[in-house]
Amino acid sequence: MFEIGPGKVAAKTFFDVEFPKGHVGIKSFDAELVDEEGNSVPLYEAYLHHWFAIKYHAKDWNMLKIVPKNPLEGAIYIRNEGTCNSYILPAYWGLGGESRGTKSNIPDPYAVEQGNPSYVPIGYEEKWLLNLMVIDTRGTKHRKHCTECRCNRFNLPKNFYNVTLGIDGKPLSSNYKGGIFCCQDNLQCKLKKDFEAPTRKLALRYKITWVDWSQQQIPVRFYILDSTDRVRKNGSQIIHDCQSEFTIPPNNGKKHSHPHIEKANIPIEKGGYLIYGTSHMHTGVINATLYGQDGRILYTSKPTYGDGKEPGNEKGYVVGMSGSYPKPGSIKIKDGETLTVETRYKSGFLTGAMGHMYIYLTDRLA
C-alpha cells in the first residue's frame with residue numbers, strides 16, 4: 001500500500017512480495033488498483049501507468065548466517081526471454097491502464113515454470129518484486145497530459161534536465177518533452193487553482209493462479225518485444241537498443257493525417273510454437289501487429305476503449321488489449337527468424353507512447 005495526493009506521482013518498488021511457493025506453473029497473473037477498502041479505483045482518478053513483476057535471486061542470509069546492511073546486496077535479477085538490452089523491459093508479467101480488460105491466462109497444459117530449485121544458485125532464494133507507477137489526476141489542469149507524463153505539465157526542479165539521466169544513461173536532453181522520466185516518484189502534475197482533496201492510500205491488488213509443476217505441464221517462454229528496438233549488427237553480434245517509449249509528433253491540425261507507425265525488425269535467437277500473444281499500449285493506440293519474416297501476420301492486438309464511468313470502462317481510456325490464442329501448432333517461429341513489431345497510433349502530439357508486444361512460445365506441443 002502507498003499514499004498519494006492530487007496530481008502526485010507514485011513510482012514505487014516493493015521487494016519480496018507474496019508469490020506462490022515451490023516448483024509451480026503460473027497460469028495467470030492479473031492486477032488492478034484499489035483503495036484501502038478494496039474498492040476498484042477508476043483510471044480518471046488514479047491512472048495506472050504500468051505495473052511489472054520481476055524475478056530476482058537474493059542471497060539466503062539465514063543460510064549464510066550473516067546479518068547484512070543491505071538485504072539486496074548481491075541480488076541477481078532474472079529477465080524474461082525478450083531481446084531488450086540491459087535493464088530495459090525485464091518483467092515476466094505487467095500491463096497498465098488496460099489491466100482489467102486484458103487476459104493473461106495460459107491454456108492447458110501450458111504454464112510459465114517458476115521455482116525450479118535447479119535454476120537457483122546455492123546460497124540464494126528466488127524472490128519477486130513489483131514495480132508500479134500511478135498518477136493521481138484528481139484536480140489536475142490537464143488530466144490527459146498528466147497521464148502522458150508531459151514534462152511541461154509538471155512542477156519539475158530547476159535543474160531537472162541537468163541531473164536526470166535518460167534511458168541511455170546520459171543527461172536528459174532538453175528536447176525530451178514527456179515520458180517516464182518526467183513521472184518520477186513524488187513529482188507534481190499542476191493542479192487547478194485552489195483545488196484541494198485529501199491524500200489517500202492505494203494498493204495494487206493482484207491475483208495469481210497456478211498449478212504444482214508435474215510432467216503433465218509444458219513450459220512456455222515469455223518474451224517482451226519493443227517497437228522502438230533499433231537493432232544493429234557489429235560483425236556477427238546483434239545489438240539491441242530499446243527505447244521503451246516514444247513521442248508522436250504534432251500533426252499541425254490535419255484532420256485526416258496518416259497513423260503514426262513505429263516499427264522494429266527483431267531477430268529471435270530461439271523460436272517455438274506461439275501459444276498466446278497480447279500487447280501493452282497507451283491511449284491513442286489503433287493496433288499492434290506481429291509479423292513473421294515472410295510477412296505473414298502472427299497476430300494483431302486491438303484496444304478496447306471505455307465509454308462509461310465505472311472502473312474497467314472509463315470513457316476515453318484504453319481499458320483492454322485483445323489477445324491471440326492460435327490453435328497450438330498452427331503458428332511456429334523458427335530459430336533465428338526476424339520478427340517485425342508494428343504499432344499504430346492516431347496522429348497528433350503524444351508523449352510517453354509505448355509499443356510492447358508479449359509472446360509466449362513453447363518447444364513442444366501436447
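## A tour of the predicted model

Start at the surface and select Met 63, Leu 64, Ile 66 and Ile 122, which together make up a nonpolar patch with about 440 Å² of accessible area. The model is a predicted one. Stay on Ile 122, found in the loop that runs between strand E7 (110-114) and E8. Its relative accessibility is 82%, so Ile 122 counts as exposed.

**The largest pocket**

Next, select His 50, Phe 52, Tyr 87, Asn 131 and Ile 180. These residues lie nearest the centre of the largest pocket, whose lining has 22 residues. The space in this pocket is about 640 Å³. Now colour strand E2 (9-14), strand E4 (46-59) and strand E8 (124-136): each of them supplies at least two residues of the pocket lining. Which strand gives the largest share of the lining? It is E8, with four residues. Coloured by class, the pocket lining shows 16 nonpolar, five polar and one charged residues.

**The largest cavity**

The structure also holds three cavities of 30 Å³ or more. To find the largest cavity, select Trp 93, Leu 95, Ser 104, Tyr 358 and Tyr 360, the closest to its centre among the 13 residues that line it. About 90 Å³ of space lies inside this cavity. Strand E6 (93-95), strand E16 (272-281) and strand E24 (355-362) each provide at least two of the lining residues, and E6 gives the most, with three. By class, the cavity lining has nine nonpolar, three polar and one charged residues.

**Salt bridges**

Over the whole structure, a search finds 18 salt bridges. Three of them can be visited in turn.

- Select Lys 127 and Asp 16, whose closest N and O atoms are 3.5 Å apart. Lys 127 is in strand E8 and Asp 16 in the loop between E2 and strand E3 (24-35), so this pair ties together parts that are 111 residues apart in sequence. Asp 16 is partly exposed, at 44% relative accessibility.
- Select Arg 100 and Glu 32, with closest N and O atoms 2.5 Å apart. Because Arg 100 lies in the loop between E6 and E7 and Glu 32 in strand E3, the pair ties together parts 68 residues apart in sequence. Is Glu 32 buried or exposed? Glu 32 is buried, with a relative accessible area of 16%, while Arg 100 is partly exposed at 30%.
- Finish with Arg 296 and Asp 294, where the closest N and O atoms are 2.9 Å apart. Arg 296 is partly exposed, at 27% relative accessible area, and Asp 294 is exposed, at 58%.

Key
Residues are numbered from 1 along each chain as its sequence is written. This is a predicted model: local features need pLDDT of at least 70, side-chain atom pairs count only at pLDDT 80 or more; totals for chains, interfaces and linings use all residues. Side-chain values use heavy atoms; hydrogens and water are left out. On a 1 Å grid over the protein atoms alone, a cavity is a set of points where a 1.4 Å probe fits but cannot get out, and a pocket is an open set with protein on both sides within 12 Å along at least five of seven lines; lining residues have an atom within 4 Å of a point. Grid points are joined across faces, edges and corners, and a volume is the space filled by probe spheres set on the points. Ala, Val, Leu, Ile, Met, Phe, Trp, Tyr, Cys and Pro count as nonpolar, Asp, Glu, Lys and Arg as charged, and the others, Gly among them, as polar. Patches are made of residues with over 30% relative accessible area and no salt bridge: like charges are joined within 9 Å, nonpolar side chains (Val, Leu, Ile, Met, Phe, Trp, Tyr) within 5 Å. Accessible areas come from the Shrake-Rupley method with a 1.4 Å probe; for residues, only the protein chains shown count as cover. A salt bridge is a side-chain nitrogen of Lys or Arg within 4 Å of a carboxyl oxygen of Asp or Glu. Buried means under 20% relative accessible area, exposed over 50%, partly exposed in between (1.4 Å probe, protein chains only).
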